[in-house]
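Let's take a friendly walk through a model together. Have your viewer ready.

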Amino acid sequence: MVNWYDLKQLASTGVKTLISGVFGNFADKREFQAASARDEKLFDYSAHDKEEFWLDYISDLGDGFNPTYSMAHLMAQEELEVHNFKTKRGSVLIMGGDEVYPTPEKHEYDNRLKGPYFAAFPWNEAIKTDLYVIPGNHDWYDGLTNFMKVFCQDRSIGNWKTHQKRSYFALKLPFNYWVFAVDIQLHADIDEPQLKYFCKISEEEVKKGDKIILCTAEPSWVYKAWSMKNTSDDRMRFFIDTVIFGKSKKYYGRQPDDVKVVAILTGDMHHYSHYLEEEKVSGQLCHLITAGGGGAFTHPTHFLKDYEDQEVTRKLISEPFPSKKQSKRLAWWNLAFPFYSPHMVALFSVLHFLTFWLLLSFGHYGTDLVNKLGMAGGMSEISELFLSQLAYNPPVVIINLILLLGLTFFTDTATGKGSLNMVVGFIHGLVQVLHFYAVVWLYAYLTQIYWPDTTGVMYTLFCILMILGVGLISAFIFGKYLLFSTLIIKNHPTEAFSSFRWEGYKNFLRIKITKDGAQIYAIGVKQVPTNWKNAGASEKPCFEGGPIKAQLIEKPFNINS
């Protein structure tokens with residue numbers, strides 16, 4: 001699993017996120033795709049001659065081997081029986097975003113995605129299974145350069161064959177069903193060539209009575225419930241009303257309710273949740289499903305809440321996976337933050353060592369500060385000693401401000417309650433600064449009282465132990481801040497749960513389409529196996545392990561209206 005608090009990883013991902021965010025809109029690869037693939041049309045499966053058509057959906061994969069391979073292995077089975085329901089391998093597999101972590105390097109796609117999927121479902125010409133993919137934000141960090149090479153050049157990922165030339169697509173399915181899968185780039189507006197592509201299909205190909213399953217790379221309804229300032233839901237509504245329904249073109253000559261969006265599938269949040277949206281005027285229902293359990297760390301679910309405005313109501317209609325109770329229990333793993341994130345312990349230790357060295361190198365008292373602190377008679381005298389030293393020590397003041405402000409602005413404000421969150425973030429930064437001085441005083445007190453004659457090697461050893469101790473304490477405080485944030489004020493869902501990289505609670509969707517409608521099977525795995533071993537050759541791996549205990553997250557449900 002990707003260690004998101006690895007310092008090298010943090011720096012690399014941060015730089016690429018910054019670059020993609022700044023320059024992404026100036027180098028929109030979606031427009032280049034449209035220029036190079038002008039004849040891109042819909043992909044037609046409507047002539048499927050069987051009584052049922054199966055479709056698989058998975059998102060947020062390509063992270064740790066155990067969860068990624070486990071889910072690929074399940075989807076590769078010709079039949080999968082779960083809770084006495086027999087499901088069949090999809091003729092089509094849709095990957096709904098974030099196909100690789102942490103950044104879309106070629107070797108990461110090879111290692112974290114293609115490797116496990118090739119091993120789980122080796123190429124077999126006698127079995128035809130197709131693959132269609134939309135990118136998530138992690139696929140966009142290089143401007144889709146490697147995404148295009150992996151998924152848009154008629155290549156195969158194991159036995160799943162790609163066909164698309166662009167990062168978005170439309171599938172015409174049997175029994176009057178469609179899949180529209182959009183590429184929303186990095187939270188940007190949908191590009192004009194993509195709008196024209198879907199407008200043309202909606203106007204010319206979609207008929208009265210057709211039902212559309214929409215795939216996108218972010219759960220806009222969740223983000224809207226968190227913060228009214230989030231605009232992703234507005235963009236999604238615009239796409240549905242204007243592009244799919246053709247509201248601006250008087251519904252393409254149809255009645256407003258002739259075509260229905262019956263479900264929206266997404267990932268981005270690495271859990272499973274099922275909302276039901278009801279339009280207040282028309283009473284139209286739409287299933288909003290987050291199924292981001294393809295292989296990345298588990299996201300919390302106790303953040304989820306219902307939403308209502310003048311136009312729609314959205315309510316959770318089933319227990320999410322993990323349940324809210326299980327989600328809260330998982331959050332307590334943040335108390336082990338120093339164990340999971342030794343790089344952060346090292347960062348805090350180095351930072352505090354530098355601060356300690358500068359504190360004793362400059363200032364009013366210099367190295368004599370330790371002796372004076374050790375003999376100080378009370379809190380007021382200790383405070384006066386520190387303040388006198390800092391008054392002549394600008395480097396330490398600057399480091400303290402960097403730590404304080406850095407941790408304050410680290411605060412997550414995307415989940416709403418921005419002012420409160422910032423106050424808590426400021427308190428966290430202040431505690432980190434003040435606890436350093438508390439440890440310095442304790443060090444001075446112990447050395448002065450118990451080891452006043454300590455010099456040389458022993459003195460250096462005590463310094464090292466003090467620096468390591470203060471680094472561990474800082475990392476522990478950081479973990480407690482994440483725990484408090486996720487449980488009490490409900491922010492930092494990603495930062496808190498990426499810290500301990502939980503492999504369990506994985507999921508994917510299996511959709512059965514017949515003349516009677518479409519039925520969704522939400523398949524989950526609470527705990528993925530960790531005993532996979534390669535029993536094949538290096539060039540043709542075959543992993544043995546398990547068993548994988550699959551379950552239905554909720555009863556199969558229809559999305560017919």
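## Ground rules

This is a predicted model, where local features need pLDDT of at least 70 and side-chain atom pairs count only at pLDDT 80 or more, while totals for chains, interfaces and linings use all residues. Residues are numbered from 1 along each chain as its sequence is written, and side-chain values use heavy atoms, leaving out hydrogens and water.

Helices are DSSP runs (H or I, at least four residues), numbered from the N terminus.

Buried (under 20% relative accessible area, 1.4 Å probe, protein chains only) residues in H13 are Ile382, Leu385, Phe386, Gln389 and Leu390. They lie on the same side of H13 because their arc around the axis is only 125°, judged by directions from the helix axis to the C-beta atoms. Ser380, Glu384, Leu387 and Ala391, on the other side, are exposed (over 50%).

## Val431

Helix H15 (residues 418-449) contains Val431. Val431 is partly exposed, with a relative accessible area of 38%, partly exposed being the range between buried and exposed.

## Cysteines

The structure has zero disulfides (pairs of cysteine sulfur atoms within 2.5 Å). For Cys152, the closest cysteine sulfur is in Cys215, 16 Å away and too far for a bond. Cys286 is in no disulfide either, as the nearest cysteine sulfur, that of Cys215, is 11 Å away.

Cys152 is buried at 7% relative accessible area, and Cys286 is buried at 4%.

Terms used: Helices (H or I, at least four residues) and strands (E, at least two) are DSSP runs, numbered from the N terminus.
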